[in-house]
Amino acid sequence: QVQLVESGGGLVQPGGSLRLSCAASGSFISIYGMGWYRQAPGKQRELVAFIAGGGVTDYADSVKGRFTISRDSAKNTVYLQMNSLEPGDTAVYYCNAGVRQALGSSRIYFGQGTQVTVSS
């Protein structure tokens with residue numbers, strides 16, 4: 001089993017910044033990719049940013065230039081630096097990790113989510 005623990009969410013004014021963190025722990029051989037999804041009320045969950053094992057990143061068009069994903073492989077931790085936040089960024093943010101496990105299997109896990117609210 002793998003646990004993903006997110007932190008860093010909260011209430012921020014428009015134009016402000018937040019940094020989300022997510023640490024993975026448990027039984028796995030390696031992590032091949034980590035990312036962040038978000039889900040706003042009444043909307044489907046969407047990919048915000050992803051970072052592959054080699055460091056290649058991908059972002060949703062709506063956050064390009066404002067959000068930056070990074071990863072500390074030694075700590076099995078992924079970060080999401082969010083700048084110039086807008087009310088439209090309000091959502092529950094979920095950490096995601098793709099892991100390699102024993103016997104050649106792989107699996108994707110999600111964290112419990114952390115609330116980000118952008119409001120004046």
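What follows is a chat about reading strands, a disulfide and ring contacts in a predicted model.

Colleague: What should I know before I start clicking on residues?

Modeller: This is a predicted model, where local features need pLDDT of at least 70 and side-chain atom pairs count only at pLDDT 80 or more, while totals for chains, interfaces and linings use all residues. Residues are numbered from 1 along each chain as its sequence is written, and side-chain values use heavy atoms, with hydrogens and water left out.

Colleague: How many bridges hold strand 7 and strand 8 together?

Modeller: Strand 7 (residues 67-72) and strand 8 (residues 77-82) are antiparallel over 6 bridges. Look for Phe67 opposite Met82 and Ser70 opposite Tyr79. The two strands form a hairpin with 4 residues between them, and Asn76 in the turn has a positive phi of about 50°.

Colleague: And what does strand 5 pair with?

Modeller: Strand 5 (residues 46-52) pairs antiparallel with strand 4 over 6 bridges, and 3 bridges join strand 5 to strand 6 (residues 57-59), again antiparallel. Phe50 is a handy landmark: Phe50 is the bridge partner of Gly35 and also stands opposite Asp58 in strand 6. Both pairings are hairpins: 6 residues separate strand 4 from strand 5, with Gly42 in the turn at a positive phi of about 80°, and 4 residues separate strand 5 from strand 6, where Gly55 has a positive phi of about 100°.

Colleague: Now the disulfide. Which cysteines form it?

Modeller: The test is a pair of cysteine sulfur atoms within 2.5 Å, and the count comes to 1 disulfide. Cys22 and Cys95 form that link, with sulfur atoms 2.0 Å apart. The angle about the S-S bond is -80°, and the link is left-handed. Cys22 lies in strand 3 (residues 18-26) and Cys95 in strand 9 (residues 91-100), so the link ties together parts 73 residues apart in sequence.

Colleague: Is Cys22 buried or exposed?

Modeller: Buried means under 20% relative accessible area, exposed over 50%, and partly exposed in between (1.4 Å probe, protein chains only). Cys22 has 0% relative accessibility, so Cys22 counts as buried; Cys95, also at 0%, is buried too.

Colleague: Last one: how do I read the aromatic pair?

Modeller: A pair of aromatic rings is described by the distance of the centres and the angle of the planes. Rings of Phe, Tyr and Trp (its six-membered ring) pair if their centres lie within 6.5 Å; planes under 30 degrees apart are stacked, over 60 edge-to-face, and the rest tilted. The structure holds 1 aromatic pair. Tyr37 and Phe110 have ring centres 5.3 Å apart and planes at 70°, so the pair is edge-to-face. Tyr37 is in strand 4 (residues 30-39) and Phe110 in strand 10 (residues 106-110), 73 residues apart.

Colleague: Which residue lies over the face of Phe110?

Modeller: Arg45 does, at 5.0 Å from the ring centre; the rule wants NZ of Lys or CZ of Arg within 6 Å of the ring centre and within 35 degrees of the ring normal. Likewise, Arg19 lies over the face of Tyr79, at 4.1 Å from the ring centre.

Terms used
Pairing = 2+ DSSP bridges.
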